Amino acid sequence: MLSILDSRILDLNAEASGVDMETLMENAGAAVADLVLSLGSRNVLVVCGAGNNGGDGYVASRVLKSKGINVRVFPVLDPSTELCKKKQREYVDAGGVIIGDLDIKEGDLIVDAMLGVGISGEPREPYLSAINKINSSGNRIVSVDVPSGFPTRISVHPNFTVTMQFVKEGMTAENCGEIKVVDVGFPEEVVEMIGPGDLLAFPQSSKDSHKGQNGVCIIVGGSSDFFGAPVYMAKSAQRMGVDLVFLFAPREIHQFIACNAPDIILRPSGMDRIEFNYEMAKMIEERESVIAIGPGITNDGRAINEAEKIIRYSISKGRKVVVDADALDAIKSIGDLNGAAVLTPHRGEFRSTFGLEPTEENVMKTAGNINAVILLKGPVDIVSDGRTIKKNSRFHHQSMTRGGTGDLLTGAVAGLIARGLDPLHASFLASYIVGSAGLEAFREKGYSYFTSELLDFIPGVITGKKKNT
């Protein structure tokens with residue numbers, strides 16, 4: 001089952017990966033025509049929208065006409081996408097009839113091909129009137145992919161829905177009639193692909209929001225040996241649009257952090273190693289926050305013990321946590337992470353933490369066993385919550401093996417969760433954003449870019465505009 005968001009993401013990722021969308025449309029339309037033919041109707045009215053759902057309808061109309069069915073098409077709006085325009089032309093060139101008014105007497109069966117999964121909000125005119133007319137027709141109705149208006153309270157009420165590739169979340173016999181799932185030809189590697197479509201999940205801020213409502217991140221990291229790692233985490237979280245980032249780090253490195261991160265609110269955590277203290281506990285309890293922990297803390301036993309306390313306490317207070325680097329040792333004794341954690345190990349860390357080879361199968365199985373999301377970093381990022389798995393095999397660069405890039409990914413995941421994304425989609429999107437920033441950094445600077453410079457390429461990935469140099 002796919003959510004509406006994931007359906008839209010799949011469409012965009014398929015297009016970005018070069019899948020022949022016209023072939024998918026032809027397959028979808030043919031599947032709709034097959035169902036209509038099986039119902040024995042001889043007079044069919046097809047109501048088409050302006051987008052690709054309408055394109056499916058034009059294909060179905062052409063196929064039905066070729067089978068001797070009396071078909072009439074009513075376009076609610078003129079086609080707006082190139083594929084929809086092309087399929088309308090092909091239908092007309094084949095002798096198809098287009099009518100100027102929605103007369104429900106034109107057929108004994110109506111095909112609803114108006115609106116698909118791309119709808120935003122309740123249907124507006126002229127779709128609203130068309131939906132009401134179709135529902136009051138008394139005719140049998142077949143919807144294409146989803147009923148027009150789904151999942152809002154104003155939608156077509158079909159007898160049948162031909163849905164493409166996957167049942168969409170929320171589809172039931174009550175709101176969709178009998179559901180027929182058809183394979184239209186999405187390649188498996190595209191279904192499991194992390195790509196630019198995942199940007200659809202990027203959170204948008206409300207116009208009337210105020211400071212703190214767009215995310216609070218608590219970063220815990222660093223030691224007297226490492227001060228750069230927590231700075232990378234914190235800055236990456238900020239690049240996701242988080243309002244407030246609090247960085248808890250050992251006092252010995254405060255002067256270094258303060259010189260490099262003036263936008264971050266610095267708080268003490270121990271002297272030379274992290275420490276779970278009263279101020280941190282109070283902030284975790286009182287603020288709706290996400291906690292990211294691990295980079296730079298070292299594998300010192302004291303630090304690992306304190307990390308375990310922080311993780312346990314955060315989860316007990318209903319907070320989400322992102323765990324990386326040496327803090328991964330702390331989760332060995334926790335077991336069930338209650339669906340509240342994202343772990344971001346690289347291949348070696350996965351092997352040492354779980355005693356398993358870092359394969360797709362083991363990532364998926366382990367994520368299910370510990371009830372967490374795992375984002376396995378590497379030449380191909382693998383992300384799974386134990387049920388779903390997606391991979392980023394294209395949007396990154398081999399130069400990203402340099403120190404600090406993993407810390408950026410951890411911070412990005414935390415920042416996106418703080419902005420309101422669920423852990424799984426935050427992990428997909430963080431992998432795409434940080435990986436794409438690495439690609440852009442390499443294109444402009446070759447192997448000579450600093451990890452800190454990679455941060456400057458993130459806004460261009462999010463906005464779709466390349467950084468100017």
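Me: In which order do the seven strands of the open sheet with parallel pairing stand?
Reply: This is a predicted model, in which local features need pLDDT of at least 70, side-chain atom pairs count only at pLDDT 80 or more, and totals for chains, interfaces and linings use all residues. Residues are numbered from 1 along each chain as its sequence is written, and side-chain values use heavy atoms, with hydrogens and water left out. Strands (E, at least two residues) and helices (H or I, at least four) are DSSP runs numbered from the N terminus, and two strands pair if DSSP finds at least two bridges between them. The seven strands pair in the parallel sense, and their order is E3-E2-E1-E4-E5-E6-E7.

Me: Which strands stand at the edges of this sheet, each with a single partner strand?
Reply: A strand at the edge has a single partner, so one side of it is left without a neighbour in the sheet. This is the position of residues 97-98 and of residues 178-182, which are strands E3 and E7.

Me: Through which helix does the chain cross from E1 to E2?
Reply: The path from E1 to E2 is a right-handed β-α-β crossover, that is, with the strands pointing away from the viewer, the path from the first strand over the helix to the second runs clockwise. A right-handed β-α-β unit is also made by E2, H4 and E3, whereas the chain goes from E1 to E2 through H3.

Me: Which residue of E3 does valine 73 stand opposite?
Reply: E2 and E3 pair in the parallel sense, over two bridges. Across this pairing, valine 73 stands opposite isoleucine 98.

Me: How many residues does H1 give to the lining of the largest pocket?
Reply: A pocket is an open set of points on a 1 Å grid over the protein atoms alone, where a 1.4 Å probe fits and protein lies on both sides within 12 Å along at least five of seven lines, and lining residues have an atom within 4 Å of a point. The largest pocket is lined by 39 residues, with Asp11, Asn52, Asn53, Val117 and Gly118 nearest its centre. Helix H1 (4-16), H2, helix H3 (52-66) and helix H4 (82-93) each give two or more residues to this lining, and the largest share, from H1, is six residues.

Me: In which order do the strands of the nine-strand open sheet stand?
Reply: Its edge strands are strand E10 (265-268) and strand E16 (389-392), each pairing on one side only. Within the sheet, strand E13 (residues 341-343) runs parallel to strand E14 (residues 373-376), joined to it by two bridges, and leucine 343 has isoleucine 374 as its bridge partner in E14. The pairing of the sheet as a whole is mixed, and the order is E10-E9-E8-E11-E12-E13-E14-E15-E16.

Me: What is the phi of glutamine 165?
Reply: Glutamine 165 is found in the loop between E6 and helix H6 (173-176). Although this residue is not a glycine, its phi is positive, at about 75°.
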